[in-house]
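Please read the points below alongside the sequence and the model.

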Amino acid sequence: MAKRTATADPLYLQVAEGLEKMIGDETLKIGDKLPSVRMLSEEYGISMGTAFQAYYHLEGKGLIESRPKSGYYVRFSLRRLPGLPRVVEPEPEPSEISVHEMIANVFQRFSREDFVNFSVAAPPISLLPAAKLNKSLMHALRASKFHGLQYEDGQGNPDLRRQLALLAFHWGGKYSGKDVVVTAGCMEALVMCLKATTQPGDTVAIEHPTYFGIFQVIESLGLKAVEIAADPLTGIDPRQLETLILKYPIKACVFVTNFSNPLGSCMPDEKKKALVELITRHEIPLIEDDIYGEMYFGRHRPRTCKSFDKEGWVLYCSSLSKSLAPGYRIGWTIPGRFTQRLIQIKMMHTVSGTTLTQQATAHFLSIGRYEYHLKKLRKALHTQCLRYLQGILQYFPADTKVSRPQGGFVLWIQLDRKLNAYRLYQEALKHNVSVAPGQLFSGKGQFANCLRLSYARPWDAEVEEALRMLGALIKKMS
């Protein structure tokens, strides 16, 4: 019988994970029949209901299927997935970033509800705890002496900063509220950190490919970018960064170290440690965007570069926009030695943040609801990731390459060299489907045969039909 401790997963999950491992190892192969529910119950010493739950869980992930009057069979194994996208070297020289018109074209449809929108890397409202957040918002309104009408503390609501500092324990950080500066989302945190560490004309190191919003920020601040090729599994190589540091006058770095957007890569701890040692030795600030760090699929939250930072050269940035409440605009930074500079910039930039949403978020975090919500969100995203991967395998051409994210919201897909992803985007719009073409994620328009596809939307018949249609378009255009 499966043993259980006070902190263990529910029994059905323990059983399901054991079977999932056997499927992944191909001890159970595609087409193999699984034990009947009664046999599973007897083998593990669990109830019939628990055995059914384990099978329902695996069925939801698309790993097994139920056949009428026959039982459960293995349907899919991750070993069937296509190869990884190849690493693409950027053009070597630093350049002024040119933000393409296609960014505006793609994201003018950002909130269209009549589209199957694969271009938005954010959770749909159906995966967010709206009712519980509303209770915290009402609590904040009732508890506020001034009805939420007063200016908030310039550094951020003290209770919220304390709760955000506590979240750092999950990734190995030991901070207090005085170390945190609350911002209007993660993007504002990135902007302020770049303002605190650079001057117009400076060169900033970024990943290749990287989130197009970072290009927009760099362009708006009059900076130049040098791009570093990222591996789809492990991100950038600190040794390559060191080569560039010796060649170019790099004044700051901006990296998404956990579940990067768009590759989904996660830097191993030893690389994070080496990266922090490198930037500390050269006294180059590292702006670490950890907005996806809580959306991990494994047992443990990945560490951050900030957790290895002893001298304050890492400016940590994150947000609740991808995990809890996009509309609340709650972001923050732990900027180390640049804290006072950040506070000054915030005073010039926004004075203070919104009062009620900060108070409501502080209450929500303080009563333990956030971690409960995250467990459900991670489970949903992992399931959706697997289903989307299966859909791509089924409907896209056989030579398709796809990433293997272990967290976050997005898949990076590499297609035939002849395909133009922006043209694919335009054709897909005619079918009310939106994707993010790969050209968005390079300052010089590379990755024309790639696209980023978000699996944030729960799997349903409409999603499957949209993937089937995309696959047909790709085959036609290749």
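1. Basis of the note. The model is a predicted one, in which local features need pLDDT of at least 70 and side-chain atom pairs count only at pLDDT 80 or more, while totals for chains, interfaces and linings use all residues. Residues are numbered from 1 along each chain as its sequence is written, and side-chain values use heavy atoms, with hydrogens and water left out.

2. The nonpolar core. A nonpolar core is here a set of buried Ala, Val, Leu, Ile, Met, Phe, Trp, Tyr and Cys residues joined through side-chain atoms within 4.5 Å, where buried means under 20% relative accessible area, exposed over 50%, and partly exposed in between (1.4 Å probe, protein chains only). The largest such core has 153 residues, and those with the most contacts inside it are Phe118, Leu241, Ile250 and Leu470. Helix α13, residues 369-395, gives the most to this core, with ten residues; helices (H or I, at least four residues) and strands (E, at least two) are DSSP runs numbered from the N terminus.

3. Surroundings of Phe118. With contact taken as heavy atoms within 4.5 Å, and leaving aside neighbours within four places in sequence, Phe118 touches residues including Tyr388, Val433, Arg452, Leu453, Val463, Leu467 and Leu470.

4. In helix α9 (residues 238-247), Pro238, Leu241, Leu244 and Ile245 are buried. They cover an arc of only 115° around the axis, which puts them on the same side of α9, the arc being that of the directions from the helix axis to the C-beta atoms. On the other side of α9, Arg239, Thr243, Leu246 and Lys247 are exposed. The buried residues of α9 pack against β6 (203-208), β7 (224-229), β8 (250-255) and α10 (269-282).

5. The start of α9. Here a side-chain oxygen of Asp237 reaches to within 2.9 Å of the backbone nitrogen of Arg239. Asp237 also forms a salt bridge with Arg239, the closest N and O atoms being 3.0 Å apart, where a salt bridge is a side-chain nitrogen of Lys or Arg within 4 Å of a carboxyl oxygen of Asp or Glu. Arg239 itself counts as exposed, at 63% relative accessibility.

6. Other salt bridges. A search of the whole structure finds 20 salt bridges. One of them pairs Arg301 with Glu294, with the closest N and O atoms 3.2 Å apart; Arg301 is buried, at a relative accessible area of 10%, and Glu294 is buried, also with a value of 10%. Salt bridges that share partners join Asp290, Glu294, Arg301, Glu371 and Arg378 into one network.

7. Cis peptide bonds. Which residues does a cis peptide bond with omega of about 5° join? They are His208 and Pro209, and Pro209 lies in the loop between β6 and α8 (212-220). A cis peptide bond also joins Asn261 and Pro262, with omega about 25°, and Pro262 lies in the loop between β8 and α10.

8. Positive phi values. Most residues other than glycine have a negative phi, and most peptide bonds are trans. Glu26, although not a glycine, has a positive phi of about 65°, and this residue lies in the loop between α1 (11-24) and α2 (37-44). Phi of Val351 is likewise positive, near 65°, and Val351 is placed in the loop between α11 (339-349) and α12 (355-366). Glu26 counts as partly exposed at 29% relative accessibility, and Val351 counts as partly exposed at 40%.

Technical notes:
A polar contact is a pair of N or O atoms within 3.5 Å; within protein, one must be able to donate a hydrogen and the other to accept it, and residues adjacent in sequence count only if both atoms are side-chain atoms.
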